[in-house]
Amino acid sequence: MRKLKLYIETSAWNFYFADDAPEKKEITKEFFEQVFKGMYDVYTSRIALDEIERCPEPKRKDLFKLIEKCKPTRLDVGKEAEGLATKYMAKGLVPERKEEDALHIAVATIAEMDAVITWNYRHMIGLRKSELFHSTNLEEGYTKRIEIITPIGVGFDEDK
């Protein structure tokens, strides 16, 4: 069976260190334990890296150590992704002031990821929102459905 291709969005990286949200932190750490074991092919982009670059120290340093340990493939953000993100914003799926959130989903869609891993309930996660992203993607010719889920949504296989 092929490994799942997972795009890790900024909030998922961040919750690895979220002392103020212990339950989400624990779930996120369990997810990353599976990543460390090589159970998934993981990806990110300059969007996440740029957002992390704006974090204060020492959190920024810790986040970049985590990223280095995971060795994600870095996906490009090109004109195609920018155009798709613009479509999401034009349809009101993501506010224009949150272009980075739209770009995460666009980059993952174009790269045919299986899922975007995020804790961003406000702009990314939700049944209706998922349907709207998918219908927009279909309109634009992207036929592979992408799941937008939290780390717990991936599921954990204790036997591996």
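Let's start in helix α5, residues 79-90. Glutamate 82 and lysine 79 sit there, three residues apart, which means about one helical turn separates them. Helices here are DSSP runs of H or I with at least four residues, strands are runs of E with at least two, and both are numbered from the N terminus. The two side chains form a salt bridge, with the closest N and O atoms 4.0 Å apart. That term needs a side-chain nitrogen of Lys or Arg within 4 Å of a carboxyl oxygen of Asp or Glu.

How exposed are these two residues? Lysine 79 is exposed, at 72% relative accessible area. Glutamate 82 is partly exposed, at 29%. The cut-offs: buried is under 20% relative accessible area, exposed is over 50%, and partly exposed is in between, using a 1.4 Å probe and protein chains only.

A word on the source. This is a predicted model, where local features need pLDDT of at least 70, side-chain atom pairs count only at pLDDT 80 or more, and totals for chains, interfaces and linings use all residues. Residues are numbered from 1 along each chain as its sequence is written, and side-chain values use heavy atoms, with hydrogens and water left out.

Back to the charges. Side chains of opposite charge can pair when their charged atoms come close. How many salt bridges are there in total? The count is ten.

Here is another one. Glutamate 57 meets arginine 60, at 2.9 Å from N to O. Glutamate 57 is partly exposed, with 44% relative accessible area.

Now look at aspartate 114 and arginine 2. Their salt bridge has its closest N and O atoms 2.7 Å apart. Where do the partners lie? Aspartate 114 is in the loop between α6 (99-110) and β4 (115-117). Arginine 2 is in the segment before β1 (4-8). So the pair ties together parts that are 112 residues apart in sequence. Aspartate 114 is buried, at 11% relative accessibility, whereas arginine 2 is exposed, at 53%.
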